[in-house]
Amino acid sequence: TIKLGTGITLVAQRDPLWLAKEVVTIDQLSGGRFLFGIGYGWNHEEMEGHGLRPEDIRRRRRIVREKILACKELWTEEEASFDGEFVTFEPSWAWPKPVQRPHPPIVVGASPTELHFRHIVEYGDVWMPIEGRWPIADGWAALQKLAADQGRDPATLQLGVFGAKPTVEHLVELRDIGASFVALGLPPTDRDRALETLDRYTPLAVEFNS
């Protein structure tokens, strides 16, 4: 029952045809337990190393949008095609389809800006901010309002929180503002310390997943 998620996939740096196939493969192998975490990226040197030109880096949010929309066509249509500014392919077949229908949840890691929220409303399923960087409650309320204004049922969106403070009291607060799940940090350390950290998280997993 454990979920498997990417944290995060830098979509602008990847070929959408390969990416769509990779996502389906993981979803198939995991029996439908995959969460497709995506982001826009921030490291310009890394992006250039993956073939993005400076002008592409400046418009990477538009590129991510098109690539995700193209992936969704491949996941949901028997015969898919796409004709965009950055992604174009003729009628194509992509099989198998995801276990999760219409596709694995698209979890968008992003700051609470109107542009990012418009993207989430259009093609995302979950907003997952990093805790401590922005007022999450205010952002979640703004996202839900934008969804309603744009004609999307806010109930079709979820809130996840990355790096949540691992205490019962704080997780209750996040649950009360609408968070559906959180990702707790695991330090890059040796095996014993990692297992000790997981042991400390066990009571929280029992408390909030029972």
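What covers the buried residues of helix 7? The model is a predicted one, and the place to start is residues 168-177, which form helix 7. Select strand 8 (158-162), strand 9 (179-183) and helix 8 (191-209): these are among the elements that cover the buried residues of helix 7.

Next, show the side chains of H170, L171 and L174, the buried residues in question. These three lie on the same side of helix 7, because the arc they cover around the axis is only 100°. The background is simple: an α-helix has 3.6 residues a turn, so residues three or four places apart point the same way.

Now turn to the face of helix 7 that points away from the buried side, and select E169 and D176; both are exposed. Then step past the end of the helix to G178, which follows helix 7 and has a positive phi, near 120°.

Zoom out to the whole chain and colour by secondary structure: there are eight helices and nine strands. With a radius of gyration of 18 Å, close to the 17 Å that the globule rule gives for 210 residues, the chain is as compact as a globular protein of that length. Along the principal axes, the C-alpha atoms fill a box of roughly 50 × 40 × 35 Å.

Colour by burial next: 39% of the 210 residues count as buried.

Key
Residues are numbered from 1 along each chain as its sequence is written. This is a predicted model: local features need pLDDT of at least 70, side-chain atom pairs count only at pLDDT 80 or more; totals for chains, interfaces and linings use all residues. Side-chain values use heavy atoms; hydrogens and water are left out. Buried means under 20% relative accessible area, exposed over 50%, partly exposed in between (1.4 Å probe, protein chains only). Helices (H or I, at least four residues) and strands (E, at least two) are DSSP runs, numbered from the N terminus. The arc is that of the directions from the helix axis to the C-beta atoms. Contact means heavy atoms within 4.5 Å. The radius of gyration is taken over C-alpha atoms; the globule rule is 2.2 Å times the number of residues to the power 0.38.
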